[in-house]
Amino acid sequence: MRRREAAGSLLILAAGSAVPARAAEGREVVVTGVAVCLGAEEPRPAGQCGLGEPFGIESPDGTIHRLDPTDLRAEILTDARVNVHPLEVTLWQEDRLGKIIRLYTVQDGARIEPYYFCFTCNITAHMPGPCWCCQQDFEFRERPAPTATETDREARSSP
């Protein structure tokens, strides 16, 4: 039993030492633009994506920021209440793929945070689908995005 524990500890140490080097390769970027579908053809509106097709954010200058196909948060781009608006998205970009950290729609010049909520379980989610607890469908909601001051305060109070 002790051998197994020692081997497990060694694996954890080996994996732990690899994480910082890998994380150093990525960077946080904020992009603005519209959600697009990146199938085999030219980029097209996200609402036209088929099942399993990758998403991206197309900036006003035509630059396409590809989203990691394993990023479950990208599912929010399938929602027509989200993908019809211009977006401001904070991505963790690594290996030319981005994972969504924060996503806001821009409506009438204001940043709006779309999210999903289960009233039964009081659970907030950032992707559509059934609630993880009770399996009822999440309700789509929107709220004003936090101001820079609120975001700074939250970052300082985080452990």
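This is a predicted model: local features need pLDDT of at least 70, side-chain atom pairs count only at pLDDT 80 or more; totals for chains, interfaces and linings use all residues.
The protein contains three helices and nine strands. Along the sequence these elements follow the order α-β-β-β-β-α-β-β-β-β-β-α. The chain has 159 residues, and 33% of them are buried.

The buried part can be approached through its nonpolar side chains. In soluble globular proteins, such side chains tend to be buried together. Here the largest nonpolar core has 25 residues. Leu67, Leu77, Leu87, Val89 and Leu103 are the residues with the most contacts inside this core. Two or more core residues come from each of strand E1 (27-37), strand E3 (55-58), strand E5 (87-94), strand E6 (97-107), E7 and E8. E1 gives the most, with four residues.

Leaving aside neighbours within four places in sequence, leucine 103 is in contact with Ile76, Leu77, Val82, Leu87, Glu88, Val89, Ile112, Glu113 and Pro114. Among these partners are Leu77, Leu87 and Val89, which are also listed with leucine 103 among the residues with the most contacts inside the core. The partners of leucine 103 also include two glutamates, Glu88 and Glu113.

The largest pocket holds about 290 Å³ of space. Its lining consists of 15 residues, and those nearest the pocket centre are Gly52, Glu53, Phe55, Pro69 and Glu75. By class, the lining has eight nonpolar, three polar and four charged residues. Phe55, one of the residues nearest the centre, falls within the range of strand E3 (55-58), an element that also gives residues to the core.

Asparagine 122 has a phi near 60°, a positive value in a residue other than glycine. It sits in the loop between strand E7 (110-118) and strand E8 (123-125). Is asparagine 122 buried or exposed? Asparagine 122 counts as exposed because its relative accessibility is 59%, and the cut-off for exposed is over 50%. Glutamine 135 also has a positive phi, near 70°, and is likewise not a glycine. The place of glutamine 135 is in the loop between E8 and strand E9 (139-144).

Definitions and conventions
Residues are numbered from 1 along each chain as its sequence is written. Side-chain values use heavy atoms; hydrogens and water are left out. On a 1 Å grid over the protein atoms alone, a cavity is a set of points where a 1.4 Å probe fits but cannot get out, and a pocket is an open set with protein on both sides within 12 Å along at least five of seven lines; lining residues have an atom within 4 Å of a point. Grid points are joined across faces, edges and corners, and a volume is the space filled by probe spheres set on the points. Ala, Val, Leu, Ile, Met, Phe, Trp, Tyr, Cys and Pro count as nonpolar, Asp, Glu, Lys and Arg as charged, and the others, Gly among them, as polar. Buried means under 20% relative accessible area, exposed over 50%, partly exposed in between (1.4 Å probe, protein chains only). A nonpolar core is a set of buried Ala, Val, Leu, Ile, Met, Phe, Trp, Tyr and Cys residues joined through side-chain atoms within 4.5 Å. Contact means heavy atoms within 4.5 Å.
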